[in-house]
Amino acid sequence: QVQLVESGGGLVQPGGSLRLSCTASGTLFANYDMGWYRQAPGNQRELVAAVTSGDTRHYADFVKGRFTISRDNTKNTVYLQMNSLKPEDTAVYYCKAQITVVPSLRSDYWGQGTQVTVSS
């Protein structure tokens, strides 16, 4: 079982920045593929950004050039730096860890979510 704890959400004005953090339990963090997702009221949860255990990064088109995902394996932590925030970025942001034992055997773990509100 992997526990994920997110932090860093809050209220920010349009154009502002926030950095989200997600810290995982366990000793095998370097082997986890990590992702940030978000869910706004009435919408489905969607992928924002992901980083593999090999540090390959992927971004949703709507955040490219504004958000940066990174990981620090020495701290068991993945970050999401969010710049140039827009009101439409308002959502609950969730961290996910995916553990692959073999390609046919994967487990997903989710954090509790952190609220990001972009408003003037």
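A residue counts as buried here when its relative accessible area is under 20%. By that cut-off, buried residues make up 40% of the 120 residues in the protein chain. The model you are looking at is a predicted one.

**Overall fold and dimensions**

- The protein chain has zero helices and eleven strands, and reading along the sequence gives the pattern β-β-β-β-β-β-β-β-β-β-β.
- The radius of gyration is 14 Å, which agrees with the value near 14 Å that a compact globule of 120 residues would have.
- Taken along the principal axes, the C-alpha atoms fill a box of roughly 45 × 30 × 25 Å.
- Of the contacts between residues at least 6 apart in sequence, 52% join residues at least 24 apart.

**Surface and charge**

**The nonpolar core**

- In soluble globular proteins, nonpolar side chains tend to be buried together.
- In this model, the largest nonpolar core has 31 residues, and those with the most contacts inside it are Leu-4, Met-34, Trp-36, Val-78, Leu-80, Met-82 and Tyr-93.
- At least two core residues come from each of these strands: S3 (18-24), S4 (33-39), S5 (46-51), S7 (67-72), S8 (77-82), S9 (91-102) and S11 (114-118).
- Met-82 shows what such a position is surrounded by: leaving aside neighbours within four places in sequence, Met-82 is in contact with Gly-16, Ser-17, Leu-18, Leu-20, Arg-66, Phe-67, Tyr-93 and Val-116.

- Val-51 is found in strand S5 and counts as buried, because its relative accessibility of 1% falls under the 20% cut-off.
- Beyond its neighbours within four places in sequence, Val-51 is in contact with Asp-33, Met-34, Thr-56, Arg-57, Ile-69, Arg-71 and Val-78.
- The C-alpha atoms of Val-51 and Gly-35 are separated by 6.2 Å, although these residues are 16 apart along the chain.
- Ala-50 also has its place in strand S5; not counting residues up to four places away in sequence, Ala-50 touches Met-34, Gly-35, Thr-56, Arg-57, His-58 and Ile-69.
- Ala-50 and Asp-61 are eleven residues apart along the chain, and their C-alpha atoms are separated by 12 Å.

**Two loop residues with positive phi**

- Asp-55 lies in the loop between S5 and strand S6 (57-59), and has a positive phi of about 70° although it is not a glycine.
- With a relative accessible area of 38%, Asp-55 is partly exposed, since that value sits between the 20% limit for buried and the 50% limit for exposed.
- Asn-76 is placed in the loop between S7 and S8, and its phi is near 55°, a positive value in a residue other than glycine.
- Asn-76 counts as buried because its relative accessibility is 15%, under the 20% cut-off.
- Not counting residues up to four places away in sequence, Asn-76 touches Cys-22, Thr-23, Ala-24, Ser-25, Gly-26 and Phe-29.

Conventions:
Residues numbered from 1 in each chain as written. Predicted model: local features only at pLDDT ≥ 70, side-chain atom pairs only at ≥ 80, totals over all residues. Heavy atoms only, no water. Core = buried A, V, L, I, M, F, W, Y, C linked by side-chain atoms within 4.5 Å. Buried < 20%, exposed > 50% of the residue type's maximum accessible area, 1.4 Å probe, protein only. Helix = DSSP H or I, 4+ residues; strand = E, 2+ residues; numbered from the N terminus. Contact = heavy atoms within 4.5 Å. Rg over C-alpha atoms; globule rule 2.2 N^0.38 Å.
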